[in-house]
Amino acid sequence: MTTSHAPPPPPSFLSKVPWWLVILIVLGTAVLIGGLASEQYRIIFGVVGQGLFVTIRVTVIAFAASLVLGTILALGLVSQSRWLGEGLKAYVEIMRGVPMIVLLYYIAFAVGPALIEGYVALFGSAIAAGFMPEITIRDFSFEWRAIFALTLAYSAFIAEIVRGGIQSIPAGQFEAAQALGLTRFKTMRLIVLPQAFKTMTPPLGNDLVSMLKDSSLVSVLGIADITQNGKTYTASTFRFFETYTVVAFFYLTMTIGLTLLVRRLEQRMRRNEVRQD
């Protein structure tokens, strides 16, 4: 005689909710309500919040640019050209080895002016004739120098992520694509990268969160982001605890929100794989 076992009941909604998230939401809500009830905190929220758009803009532009550049670098790293691969590998190791704040200073005060001087020296006659615009160092704002530095740094990390994703695809798929007459570019674009994206999603999401946090370093260049606005306000009021509590609140809200979004996307992709299987 066989006994049948009933399937286990589906997990309840409360069992799925991470308790650390509940605690943080409660604490964050308490900080927000308490801040809005206090006139001093309302002022700080207003001052610090003025840099929110700058922080988001720097992060989004730099991450999009580093994603494009990192993918190009990864394609070069897995190319059949040894010289190209070795040269790009050197670039990746240099960018990953230099501290972000050092790279920001180097791009802002050394590379930026050098690029402008090179542009003037190379196209001086065309500029004098009016065929090309005249550009000075003032036209290359510190915000764009910071975006340039973040792009160069994170493109190296993203290149390694994309390279790992490409190399995770079985070699048989490359051979099958070649047998069908697909070029290497079409093989990458149509077959390899779409599959590798599933593997790359979690680390790319982590890099986005890291870039959001590292964007606070642009404040050393005087860019009016969240951190810089907080520094400016504390310099005149000396309210360090209240101000940096608000600054931390803004960053935690964005980073935790992004982390949960990436996890949700990863879970959905896994469910789609199970359904396809």
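Residues are numbered from 1 along each chain as its sequence is written, and side-chain values use heavy atoms, with hydrogens and water left out. Since the model is predicted, local features need pLDDT of at least 70 and side-chain atom pairs count only at pLDDT 80 or more, while totals for chains, interfaces and linings use all residues.

**Exercise 1.** Work out how α4 and α10 pack, and which residues make the contact.

*Solution.* 
- Helices here are DSSP runs (H or I, at least four residues), numbered from the N terminus. Axes are lines fitted to C-alpha atoms over the stretch in contact, and angles run from 0 to 180 degrees between N-to-C directions.
- For helix α4 (residues 52-77) and helix α10 (residues 184-214), the axes come within 11 Å and cross at roughly 140 degrees.
- α4 and α10 are therefore oblique to each other; the scheme calls angles under 35 degrees roughly parallel, over 145 roughly antiparallel, 65 to 115 roughly perpendicular, and the rest oblique.
- The crossing of α4 past α10 is right-handed, as the near helix is turned clockwise from the far one by less than a right angle.
- On the α4 side, the contact (heavy atoms within 4.5 Å) uses Thr55, Thr59, Ala62, Phe63, Ser66, Leu67 and Leu75, and on the α10 side Met188, Leu204, Asp207, Leu208, Met211 and Leu212.
- Sorted by class, that contact of α4 with α10 has 9 nonpolar, 3 polar and 1 charged residues. Nonpolar covers Ala, Val, Leu, Ile, Met, Phe, Trp, Tyr, Cys and Pro; charged covers Asp, Glu, Lys and Arg; the others, Gly among them, are polar.

**Exercise 2.** Zoom in on threonine 59: is it buried or exposed, and what is it in contact with?

*Solution.* 
- Threonine 59 sits in helix α4.
- With a relative accessible area of 5%, threonine 59 is buried (buried is under 20%, exposed over 50%, partly exposed in between, using a 1.4 Å probe and protein chains only).
- Skip the neighbours within four places in sequence, and threonine 59 is in contact with Leu208, Met211, Leu212 and Ser215.

**Exercise 3.** Repeat the packing analysis for α8 and α10.

*Solution.* 
- Helix α8 (residues 142-167) packs on α10 at an angle of about 140 degrees, axes 8 Å apart.
- That makes α8 oblique to α10.
- α8 and α10 cross in a right-handed way.
- Among the contact residues are Tyr154, Phe157 and Ile161 of α8, plus Val192, Ala196 and Pro203 of α10.
- The class count for α8 with α10 comes to 15 nonpolar, 2 polar and 2 charged residues.

Note on methods: Helices (H or I, at least four residues) and strands (E, at least two) are DSSP runs, numbered from the N terminus.
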